[in-house]
Amino acid sequence: MLISGKSRIIGLFGHPVEHTLSPYMQNAAFSHCGLDYCYFPFSVQPDHLRNAIAAIRSLNFCGVNLTIPHKEACIPFLDNLDKEAAAIGAVNTITHSSGLLTGHNTDGRGFAMTLQEQGISLKGAKALIIGAGGASRAVGHYLSRTAAALHIYNRTREKAENLASFLSKREGNTGIIDNLSSLSEYDIIINATPLGLRDGDPLPLDPELLQPGQAVCDLIYRKTPLLMRAHQQGCRTADGIGMLLWQGAYAFELWTGIPAPVEVMRTALLSVVK
């Protein structure tokens with residue numbers, strides 16, 4: 001990568017960011033397309049988020065991605081939200097144009113493409129999301145429009161209630177559950193918590209409760225212990241690599257205005273996934 005006086009910076013704001021694979025796929029895409037852009041991760045603690053977003057303007061960044069824990073907290077610091085980000089209530093991509101910062105959300109579309117690639121259909125399905133953060137909002141936005149019913153589980157009941165209420169305003173098919181003692185009624189189960197990101201994390205659910213044929217998705221972009229146990233139980237599984245790929249491809253197009261080289265990005269990701 002050659003950095004010049006004309007190079008444009010695109011960042012990733014999160015805390016932590018050490019685990020991110022986004023620089024591999026985005027920088028590979030920029031290089032492939034001959035673009036003088038550089039994608040760089042920034043560890044931004046929550047108390048510094050306002051200043052970090054202001055720096056997008058002052059340092060003339062082209063834009064940024066946002067990850068845990070900033071997807072919802074960033075909204076008050078932006079000038080505009082696109083329709084999807086406003087509907088979801090969370091932002092994972094910011095574009096910068098003429099001093100204005102616009103928030104977008106490409107997570108829901110990325111998740112939808114992942115299911116499509118895996119041949120997982122939601123028509124008439126009953127779905128469960130574990131977790132109630134920014135990623136859950138994006139996935140829930142998609143699921144509540146396509147699945148027959150959606151349930152939310154979160155350790156903090158209030159957060160699950162808030163998310164279910166938010167999603168139900170449109171479709172009215174979303175509720176909460178208080179425990180994970182029975183999972184047999186669900187066609188698709190999504191782990192949207194960070195559990196599995198670090199070695200030694202507990203499993204987000206008891207895999208013995210899973211049934212053959214269920215679809216189990218983990219938004220963490222590697223083969224987590226949950227997915228390995230789900231596979232042993234006869235479940236169909238999908239990790240977060242597909243969602244990471246497709247949300248990144250849609251973000252690339254927002255920043256550059258050109259079609260993303262998806263297969264270049266996929267190859268870059270798979271070369272570094274453990």
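# Burial, packing and backbone geometry in a predicted model

At 88% relative accessibility, glycine 5 counts as exposed, and this residue is found in the segment before strand 1 (8-14). The model described here is a predicted one. Between glycine 5 and cysteine 217 there are 43 Å in space, C-alpha to C-alpha, and the two are 212 residues apart in sequence.

## Aromatic pairs

Across the whole structure, a search finds eight aromatic pairs. One of them joins phenylalanine 30 and phenylalanine 252, whose ring centres are 5.5 Å apart and whose planes meet at 25°, so the pair is stacked. Because phenylalanine 30 lies in helix 1 (residues 22-32) and phenylalanine 252 in helix 8 (residues 241-256), the pair ties together parts that are 222 residues apart in sequence. Both partners are buried: phenylalanine 30 has a relative accessible area of 1%, and phenylalanine 252 is at 0% relative accessibility.

Tryptophan 246 and tyrosine 250 form an aromatic pair that is tilted, with 6.0 Å from centre to centre and 40° between the planes. These two residues both lie in helix 8, four residues apart, which is about one turn of the helix. An α-helix has 3.6 residues a turn, so residues three or four places apart point the same way. Tryptophan 246 is buried at a relative accessible area of 13%, and tyrosine 250, with 18%, is buried because its value is under 20%. Elsewhere, Phe13, Phe40, Phe42 and Phe61 form one aromatic cluster.

Helix 7 (residues 225-232) has Leu226, Leu227 and Ala230 as its buried residues. These residues cover an arc of only 95° around the axis, which puts them on the same side of helix 7. The face turned away from that buried side carries the exposed residues His231 and Gln232. What do the buried residues of helix 7 pack against? Their partners are strand 10 (188-191), strand 11 (215-218) and strand 12 (236-238). Just after helix 7, glycine 234 takes a positive phi of about 90°.

Rolling a probe the size of a water molecule over the atoms shows where empty space is left. The structure holds one cavity of 30 Å³ or more, and about 30 Å³ of space lies in the largest cavity. Leu226, named above among the buried residues of helix 7, is also one of the residues that line the largest cavity, together with Leu195, Gly196, Asp201, Pro202, Leu203, Pro204, Asp218, Thr224 and Pro225. By residue class, this lining divides into six nonpolar, two polar and two charged residues.

## A buried asparagine

Asparagine 92 is found in the loop between helix 3 (83-88) and strand 5 (93-97). Leaving aside residues up to four places away in sequence, asparagine 92 touches Val64, Asn65, Leu66, Lys71, His104, Asn105, Thr106, Asp107 and Gln247.

## Backbone geometry in the loops

Most residues other than glycine have a negative phi, and most peptide bonds are trans. The table lists departures from that pattern.

| Residue or bond | Backbone angle | Loop |
|---|---|---|
| Histidine 15 to proline 16 | cis, omega near 10° | proline 16: between strand 1 and helix 1 |
| Isoleucine 68 to proline 69 | cis, omega about 5° | proline 69: between strand 3 (63-66) and strand 4 (80-81) |

Asparagine 60 is partly exposed, with a relative accessible area of 44%, whereas serine 98 is exposed, with a relative accessible area of 76%.

Terms used
Residues are numbered from 1 along each chain as its sequence is written. This is a predicted model: local features need pLDDT of at least 70, side-chain atom pairs count only at pLDDT 80 or more; totals for chains, interfaces and linings use all residues. Side-chain values use heavy atoms; hydrogens and water are left out. Buried means under 20% relative accessible area, exposed over 50%, partly exposed in between (1.4 Å probe, protein chains only). The arc is that of the directions from the helix axis to the C-beta atoms. Contact means heavy atoms within 4.5 Å. On a 1 Å grid over the protein atoms alone, a cavity is a set of points where a 1.4 Å probe fits but cannot get out, and a pocket is an open set with protein on both sides within 12 Å along at least five of seven lines; lining residues have an atom within 4 Å of a point. Grid points are joined across faces, edges and corners, and a volume is the space filled by probe spheres set on the points. Ala, Val, Leu, Ile, Met, Phe, Trp, Tyr, Cys and Pro count as nonpolar, Asp, Glu, Lys and Arg as charged, and the others, Gly among them, as polar. Rings of Phe, Tyr and Trp (its six-membered ring) pair if their centres lie within 6.5 Å; planes under 30 degrees apart count as stacked, over 60 as edge-to-face and the rest as tilted.
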